[in-house]
Amino acid sequence: MLTLKNVVKNYKNKDVINNITFELKSGEIVGLIGPNGVGKTTLLNLIAGISTIDSGEIRKTKNKIFFMQESTVLYKDLTGLQHLKFVAKLNKKTALDIDNVINELNMHSYISVKVKNYSLGMKQHLMFACGLICRPNIFLLDEPLNGLDPDSVIKFRDIIKKLKEEGTCILFSSHMLSEVDLISDRTFFLKKGKIEKTINNKNKVDEKIYKLNVSESSTSLIDCLKTHQIEILEYTAEKIVVIVSEANLDLVFKKIYENGVTVKSVNQETTLLEKHYKEVYGDSYE
């Protein structure tokens, strides 16, 4: 549905987007992450057609795109309802479509208030509502979770999954790694204008990193765990660090005990996405 091939964008003799190639399919959710300044928004602007590429190709099989940009694009002296009516008219949607979106996002209390009186979370809701009315084939979202309370984040997650089931292609940037981990099929790590790493979240979305402090470790114990497809990150005489789903953690305990070893304590270290993030960017990326 969306294909980028050798896309380059140059600003002031610097390649902000540097030879990016990827393909997104219908019904796929892809997270785009990285520190500020790596080119996430620029990439979304290029796909949306707001900016033009210097070389390469962007091909869209179905080209009805909605780009949920920063809320600064909203008109502060118009109400939320006026925004929705304008978008609905452009997309030949009805008053019922507007009402459905307002209900879905629970916007009744402020939908008739001017945007200049909105909080950041309200503005995010309005931008998202505009996208839902459009029902695009390709949905681009730039930091859509900014300013949202936990209830709104959960609602966003549910709606995005529903759009996926309807065949919408979704590419979104976010600093909230836990949410990217939960809903994305794949994750792109952008660094210096390039996709430095791609993670397939489908395979490891439920897995986490656990550190187990044990009475003693041995090569035979580690070999036993590996035999049962337990991924070992590191181990010492009194520590084993594994990547495993919560459901399979009991299997790890069982095999350790069967080898005559006691688990003194266990701690969840980090999510896999955080691990990959640190590998790509380090602790102080510039």
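# A walk through the buried parts

Start by selecting Cys-169: with a relative accessibility of 1%, this residue counts as buried (buried is under 20% relative accessible area, exposed over 50%, partly exposed in between, using a 1.4 Å probe and protein chains only). Before going on, know that this is a predicted model, where local features need pLDDT of at least 70, side-chain atom pairs count only at pLDDT 80 or more, and totals for chains, interfaces and linings use all residues. Residues are numbered from 1 along each chain as its sequence is written, and side-chain values use heavy atoms, with hydrogens and water left out.

**Colour by confidence.** pLDDT is the predictor's confidence in each residue, from 0 to 100. The chain averages 90, and 95% of its residues reach 70 or more. Among the elements, helix H2 (residues 80–90) has the highest mean, 97, while helix H7 (residues 201–204) has the lowest, 61. Helices (H or I, at least four residues) and strands (E, at least two) are DSSP runs, numbered from the N terminus.

**Select the cysteines.** How many disulfides does the structure hold? The count is 0, where a disulfide is a pair of cysteine sulfur atoms within 2.5 Å. Click on Cys-130: its nearest cysteine sulfur belongs to Cys-134, 7.1 Å away. Cys-130 is buried too, at 5% relative accessibility. Back at Cys-169, the nearest cysteine sulfur is that of Cys-134, 16 Å away.

**Now the nonpolar cores.** A nonpolar core is a set of buried Ala, Val, Leu, Ile, Met, Phe, Trp, Tyr and Cys residues joined through side-chain atoms within 4.5 Å. The largest one has 44 residues, and Leu-84, Phe-128, Phe-139, Leu-141 and Ile-160 have the most contacts inside it. Helix H4 (residues 120–134) gives the largest share of this core, 8 residues.

Next, zoom in on Phe-139.

**Hop to Gly-27.** Look in the loop between strand S2 (14–24) and strand S3 (29–33). Gly-27 is buried, with a relative accessible area of 16%. Leaving aside neighbours within four places in sequence, its contacts include Lys-164, Cys-169 and Asp-185.

**Last stop: Glu-179.** This residue sits in helix H6 (residues 177–183). Is Glu-179 buried or exposed? Glu-179 is buried, at 6% relative accessible area. Beyond neighbours within four places in sequence, Glu-179 is in contact with Leu-145, Val-153 and Arg-157.

Notes:
Contact means heavy atoms within 4.5 Å.
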